[in-house]
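Hello,

I am handing over the structure below. My notes on what was found follow it.

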Amino acid sequence: MMEDIIQSKHTILDCIEESVQKYGKKQALVFKEKSFTYEEIGTITDCLAGELQSRGIGKEDVVSILIPRCEYMLIGALGVLKAGAAYVIHDVDDSITYGEDALCSFACMLDAEQISVVSPT
């Protein structure tokens, strides 16, 4: 299966959508006591992408989600990609360990004009 995907011209989002259609109710993600099916991940990431787009996030935007390691790290990354933006991995645990300096260093690597801040409210 993986060899077929690698040789095709699919994007990662195409592969995810194909998996949602093909495996629907099968378990796709497990983190500690929480699990999600392919359909659930598809629905949640579509909602997140729509929310990000409604806030003006899309093509050519760069987004990092600062949350502790949990099941929503992968879901958040897929939602960002579905919105059309680029996802930048940032380990929030480093910010907790190393304080504000780590977060400031991360933010300074990007142009101030390129940073989009989205809060849950």
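Phe36 is buried, with a relative accessibility of 6% (buried means under 20% relative accessible area, exposed over 50%, partly exposed in between, with a 1.4 Å probe and protein chains only). This is a predicted model, in which local features need pLDDT of at least 70 and side-chain atom pairs count only at pLDDT 80 or more, while totals for chains, interfaces and linings use all residues. Residues are numbered from 1 along each chain as its sequence is written, and side-chain values use heavy atoms, with hydrogens and water left out.

A search of the whole structure gives two aromatic pairs (rings of Phe, Tyr and Trp, the last by its six-membered ring, pair if their centres lie within 6.5 Å; planes under 30 degrees apart count as stacked, over 60 as edge-to-face and the rest as tilted). Tyr23 and Tyr38 make a tilted pair, 5.5 Å centre to centre with 40° between the planes. Tyr23 is in helix α2 (residues 12-23) and Tyr38 in helix α3, 15 residues apart (helices are DSSP runs of H or I, at least four residues, and strands runs of E, at least two, numbered from the N terminus). Phe36 and Tyr72 have ring centres 5.9 Å apart and planes at 70°, so this pair is edge-to-face. It links strand β2 to helix α4 (residues 72-82). Tyr72 is partly exposed at 35%.

Most residues other than glycine have a negative phi. Lys32, not a glycine, has a positive phi of about 55°, and lies in the loop between β1 (27-31) and β2 (34-37). Glu60 also has a positive phi, about 75°, and is exposed at 73% relative accessibility.

Regards
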